[in-house]
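Please look over the sequence and the fold shown here, and then follow the paragraphs below through its parts.

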Amino acid sequence: MRIGILTSGGDCPGLNAVIRGAVLKGIKVHGQEFVGFKDGWRGVVEGDIIDLPRHSVRGISKQGGTILGTSRTNPFEGGGPEVITAHMQRLGIGAIIAIGGEGTLAAAKRLTDAGLKIVGVPKTVDNDLDATDYSFGFDTAVQIATEAIDRLRTTGESHHRCMVAEVMGRHVGWIALHSGMASGAHAILIPEQSVSMDQIATWVTDAHARGRAPLVVVAEGFVPEHLDTAHSTRGLDTFGRPRLGGIADQLAPEIEARTGIETRATILGHIQRGGVPTAFDRVLATRLGMAAVDSVMESDWGTMVALSGTDIVNVALEEALGKLKTVPLSRYEEAELLFG
Ligand code: F6P
């Protein structure tokens with residue numbers, strides 16, 4: 001069979017390892033042939049592909065980004081099941097492996113319901129997809145954020161300043177929770193838990209009173225108690241979602257005004273999604289890619305591969321959709337013991 005692979009949505013370290021895992025197992029074990037759709041669903045709706053022979057995936061599992069390119073194209077705009085089916089027939093493609101986050105997998109589910117043969121691979125640095133214990137890219141993002149925050153701490157200490165580090169996390173605070181805990185933050189602010197400015201100022205003041213340079217880690221989607229929605233001044237993305245980023249710039253002057261402690265903000269942004277994946281993410285991504293090919297061989301259309309404990313399993317796409325994997329209150333309270 002000829003199988004088409006696509007990477008869609010925001011990129012994520014480990015995408016290339018998934019592609020390599022799928023191509024190597026598919027060729028070596030099942031004798032399949034692979035092509036890649038260029039730039040996510042755009043390549044699918046336009047029938048824009050490249051060949052993926054075995055040598056094309058040589059050594060790519062340690063490369064960041066995606067060799068196929070990605071986009072936030074919606075396959076139902078300018079495409080849809082009929083157009084895609086026509087391209088697949090013309091190009092002799094029998095099945096699709098779609099690697100992406102919630103938007104991509106929701107589109108894959110709709111297309112599968114319309115009769116297309118698709119299996120999914122979950123991808124998100126935010127780690128917000130339900131039905132998989134961890135998604136690849138998250139470990140790398142946490143590692144990058146932790147290293148950056150460690151650096152902010154030393155300059156903060158030299159200047160006796162409060163440092164606010166903003167990390168990714170649109171709806172969930174996993175990156176903030178893990179990087180904040182790893183770097184010994186005095187406050188961690190996540191979308192799941194609204195906190196007052198008074199409380200934040202108290203944590204900062206307490207840390208400063210002990211001679212520490214207060215360190216605040218905030219997820220981009222955090223909403224302080226006095227606001228209703230996450231900070232967004234950058235318009236909407238192609239799925240109509242507000243582009244986030246900038247809450248640290250809002251918090252820093254407010255903290256300074258309330259505490260009298262000089263405060264600086266740093267927004268890590270897309271640095272968290274760039275560069276080489278960690279060993280953990282390479283292994284997870286490779287295993288997911290290999291399992292996705294098995295799902296194709298077993299005609300498990302409308303399912304995705306996932307991590308359960310240390311096992312790779314197969315779950316229905318609807319299990320991953322419509323419900324986010326949020327940080328449980330118990331995990332936040334555990335971290336909160338160390339604040340201030
Ligand atoms: O969904 C992952 C994510 O990294 C979010 O944390 C962030 O809000 C968004 O993607 C950024 O998207 P873009 O790369 O389109 O700016």
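With a relative accessible area of 42%, His 159 is partly exposed, a term that covers values between the limits for buried (under 20% relative accessible area) and exposed (over 50%), calculated with a 1.4 Å probe and protein chains only. This residue belongs to helix α5 (residues 138-159), where helices (H or I, at least four residues) and strands (E, at least two) are DSSP runs numbered from the N terminus. Between His 159 and Gly 26 there are 133 residues in sequence and 56 Å in space, taken from C-alpha to C-alpha.

The model is a predicted one, in which local features need pLDDT of at least 70 and side-chain atom pairs count only at pLDDT 80 or more, while totals for chains, interfaces and linings use all residues. Residues are numbered from 1 along each chain as its sequence is written, and side-chain values use heavy atoms, with hydrogens and water left out.

The next element to find is a sheet. Seven strands form an open sheet with mixed pairing, in the order β3-β2-β1-β4-β5-β10-β11, two strands being counted as paired if DSSP finds at least two bridges between them. At the edges stand β3 (49-51) and β11 (311-316), and because each has a single partner strand, one side of each is left without a neighbour in the sheet. On average, neighbouring strands of this sheet are turned by 30 degrees against each other, direction ignored. Strands of a sheet pair through backbone hydrogen bonds, either parallel or antiparallel. Strand β10 (residues 303-308) pairs with β11 in the antiparallel sense over six bridges, and Leu 307 stands opposite Ile 312 in β11.

Helix α1 (residues 15-28) lies across β1 (2-7), β2 (33-37), β4 (95-100) and β5 (118-122), and runs at about 175 degrees to β1; contact here means heavy atoms within 4.5 Å, and axes are lines fitted to C-alpha atoms, for helices over the stretch in contact, with angles from 0 to 180 degrees between N-to-C directions. Helix α9 (residues 279-297) lies across β1, β2, β4, β5, β10 and β11, and its direction makes an angle of about 140 degrees with β10.

Another helix, α4 (residues 102-113), has twelve residues that should span 16 Å at 1.5 Å a residue, and its end C-alpha atoms are 16 Å apart, which agrees; the expected span is 1.5 Å times one less than the number of residues. Among the buried residues of α4 are Leu 105, Ala 108 and Leu 111. Just after α4, Gly 115 takes a positive phi of about 110 degrees.

Charged side chains remain to be considered. The count of salt bridges comes to 19, each being a side-chain nitrogen of Lys or Arg within 4 Å of a carboxyl oxygen of Asp or Glu. One of them joins Asp 11 and Arg 273, whose closest N and O atoms are 3.1 Å apart. Asp 11 lies in the loop between β1 and α1, and Arg 273 in the loop between β9 (263-267) and α9, so the pair ties together parts that are 262 residues apart in sequence. Asp 11 is partly exposed at 22% relative accessibility, whereas Arg 273, at 14%, counts as buried. Asp 294 and Lys 25 also meet in a salt bridge, at 2.8 Å from N to O, and this pair links helix α9, which holds Asp 294, with helix α1, which holds Lys 25, across 269 residues.
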